[in-house]
Amino acid sequence: MKTPFVTKEQLESIVEQFPTPFHLYDEKGIRETARNLYKAFSWNKGFKEYFAVKATPNPQILKILKEEGCGTDCSSLTELMMSERCGFSGDEIMFSSNETPACEFVKAREIGAIINLDDITHIDFLKETCGIPEKISCRFNPGGYFSLGTDIMDHPGDAKYGMTKAQLFEAFKRLKSEGVKEFGIHSFLASNTVSNEYYPALASILFSLAVELKEALDVHITFINLSGGIGIPYTPDKEPNDIFVIGEGVHKAYDEILVPAGMGDVKLCTELGRYMLAPNGHLVVKAIHEKHTYKEYIGVDACAVNLMRPAMYGAYHHITVMGKENEPCDHKYDVVGSLCENNDKFAVDRMLPKIDKGDLLVIHDAGAHGFAMGYNYNGKLKSAEILLQEDGTPRMIRRAETPEDYFATLEGFWE
Ligand SMILES: *Cc1c(COP(=O)(O)O)cnc(C)c1O
């Protein structure tokens, strides 16, 4: 069962101040998630979460996470600029980019971000662009399949990211000769894993690799980056991950592999996005139309522009009809947006209570990769973002786009 983090009464008063649709974030939930993550990894001195900015690129969210001890993980110029503007600097910023333009490496070096190289050929590119820093990370891709023996499976061999094992050894050798003093390794093998076993399995792979690298090349590996990939249960039937079980699983691998190799000082880091923010964000919409043709449709005042995952991946997002939580789910609806695209459906054949025009609907788990993925197809405008602060009051942290914003980049439009 999924319950919204706001009550109907709370939401009705927010809607009086800020019209739907909007993304609503739960400050309390965000802080709790961050605190529990840090608690789960407190056994590792120097552990740091670098929040994946792409998941929820809003400065007020980044500032909350900064207060909880997090850094940022960036992969573009604007994400670096946002991090800098929010007061992150140096080791608080991870730059895990790929196919990186020169100007982005320049910016990353300027603000002292830790560069995480995606490919061996980027060593020369970086050297020519802005020089090799003394601390650097490389991204590993083991290839093939990655499987936990459950339904968790991914295909690193088909992923564009990272270096092969042979390239990684070559890259470390080269970087050492270029004067690098501190090394890190990073890998991202599976996305949205709802399993307590993903991180421990990934950690074992990276820890063993780190020991091999150190023994073969006598390099000083100071950090290992487990990246993102811890998932959330989008459907109500699934159990969420237990971050404390995950932390202990990684701890065990650390004690078994790194400590005996004399590497018990390696700092761990993560680049979680979805896990940190997804459940702590709702897309709040209003039912504005009902249509009865070959199917029953509920038209809402948002569309795929505001949350693209259902249209893009066929992703399930749970929906609560506010105030009707205890009514029977005896109506089968397609809950749809207004794009001229038939995949613009927040839900297909979903059993819900009877929806009336004017009902407020909460679309769950929209706090990460939600607003951020938005686009402007059909000339639709992006919504506002509202922070539900710890004291229960709402604060607008991004206004909704206006037609003027949409037209702003056109040359000669207003003449
Ligand atoms: C997208 C991404 C993340 C965050 O992934 P989540 O699935 O949101 O945890 C972390 N690191 C890198 C390099 C990414 O591309």
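Which pocket is the space taken by the ligand? In this predicted model, the ligand takes up the space of the largest pocket.

## Residues around the ligand

The ligand is surrounded by 14 residues, and the closest are Lys54, Gly229, Glu271, Arg274 and His369. By type, the residues of this shell divide into 3 nonpolar, 6 polar and 5 charged.

## Polar contacts and burial

How much of the ligand does the protein bury? Taken alone, the ligand exposes 390 Å², and the protein buries 91% of that area.

## Cysteines

A disulfide is a covalent bond between the sulfur atoms of two cysteines. How many disulfides does a search of the whole structure find? The search finds 0.

Cysteine 70 is in no disulfide, and the nearest cysteine sulfur, which belongs to cysteine 269, is 12 Å away. A disulfide needs the two sulfur atoms within 2.5 Å. Is cysteine 70 buried or exposed? Cysteine 70 counts as buried because its relative accessibility is 1%, and the cut-off for buried is under 20%.

Cysteine 303 is likewise in no disulfide. For cysteine 303 the nearest cysteine sulfur is that of cysteine 340, at 9.9 Å. With a relative accessible area of 3%, cysteine 303 is buried.

Note on methods. Residues numbered from 1 in each chain as written. Predicted model: local features only at pLDDT ≥ 70, side-chain atom pairs only at ≥ 80, totals over all residues. Heavy atoms only, no water. Near = heavy atom within 4 Å. Areas by Shrake-Rupley, 256 points an atom, 1.4 Å probe, with all protein chains shown as cover. 1 Å grid on protein atoms, 1.4 Å probe; cavity = no way out; pocket = protein on both sides within 12 Å on 5 of 7 lines; lining within 4 Å. Sits in = over half its atoms within 2 Å of the grid points. Nonpolar A, V, L, I, M, F, W, Y, C, P; charged D, E, K, R; others polar. Buried < 20%, exposed > 50% of the residue type's maximum accessible area, 1.4 Å probe, protein only.
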